[in-house]
Amino acid sequence: MAMEREERGERGGRGEDRDAKKRPVGRRKLCKFCGDETIKIDYKDAGLLKYFITDRGKLVPRRISGNCAKHQREISTAVNRARMIAMMPFAVTGT
């Protein structure tokens, strides 16, 4: 037991492992809509909304898209409205 403790101490123990798992700090994504006030979120603009939908038909999360909470809610509402009037698919079917 004593030898095992000494070996851990020489390797640095757990503290060294924690430092190795740190993620690189990148640049924070900015909300596209906060940066440019001229862009409006509208359910009739399927071309804009398609960038916030995955190939499976799901909404892209905030942490990926970089939207703020306010605009992510607006996008969610717009996508749901576009789906109701069949401008966007609920789910992608096929192979």
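**Exercise 1. Determine whether phenylalanine 33 and phenylalanine 52 are buried or exposed, and describe how their rings are arranged.**

Step 1. Phenylalanine 33 is buried, and phenylalanine 52 is buried as well, where buried stands for under 20% relative accessible area, exposed for over 50% and partly exposed for the range in between, computed with a 1.4 Å probe on protein chains only. This is a predicted model, in which local features need pLDDT of at least 70 and side-chain atom pairs count only at pLDDT 80 or more, whereas totals for chains, interfaces and linings use all residues. Residues are numbered from 1 along each chain as its sequence is written, and side-chain values use heavy atoms, with hydrogens and water left out.

Step 2. The structure holds one aromatic pair, a term for rings of Phe, Tyr and Trp (its six-membered ring) whose centres lie within 6.5 Å, with planes under 30 degrees apart counted as stacked, over 60 as edge-to-face and the rest as tilted. The ring centres of phenylalanine 33 and phenylalanine 52 are 5.8 Å apart and the ring planes stand at 40 degrees, so the pair is tilted.

Step 3. The pair links distant parts of the chain, since phenylalanine 33 belongs to helix H3 (residues 32-35) and phenylalanine 52 to the loop between H4 and helix H5 (62-65), 19 residues apart. Helices here are DSSP runs (H or I, at least four residues), as strands are (E, at least two), and they are numbered from the N terminus.

**Exercise 2. Count the disulfides, and examine cysteine 31 and cysteine 68.**

Step 1. With a disulfide taken as a pair of cysteine sulfur atoms within 2.5 Å, the count comes to zero.

Step 2. Cysteine 31 is in no disulfide, and the nearest cysteine sulfur, which belongs to cysteine 68, is 3.7 Å away. At 10% relative accessibility, cysteine 31 counts as buried.

Step 3. Cysteine 68 is likewise in no disulfide, and the nearest cysteine sulfur to cysteine 68 is that of cysteine 34, 3.6 Å away. Cysteine 68 counts as partly exposed, at 22% relative accessibility.

**Exercise 3. Examine alanine 86 and valine 92, both in the segment after H6.**

Step 1. Alanine 86 has a positive phi of about 65 degrees although it is not a glycine. Most residues other than glycine have a negative phi. Alanine 86 counts as exposed, at 65% relative accessibility.

Step 2. Valine 92 and aspartate 55 are separated by 37 residues in sequence, yet their C-alpha atoms are 7.4 Å apart in space. Apart from residues up to four places away in sequence, valine 92 touches Asp55, Arg56 and Gly57.

**Exercise 4. Summarise the protein chain as a whole, including its confidence values.**

Step 1. The protein chain has six helices and zero strands, and buried residues make up 19% of its 95 residues.

Step 2. Of the contacts in the protein chain with a separation of 6 or more, 54% are between residues 24 or more positions apart.

Step 3. The mean pLDDT of the protein chain is 83, and 77% of its residues reach 70 or more, where pLDDT is the predictor's confidence in each residue, from 0 to 100. Among the elements of the chain, helix H1 (residues 2-11) has the lowest mean pLDDT (57), and H6 has the highest (96).

How values were computed:
Contact = heavy atoms within 4.5 Å.
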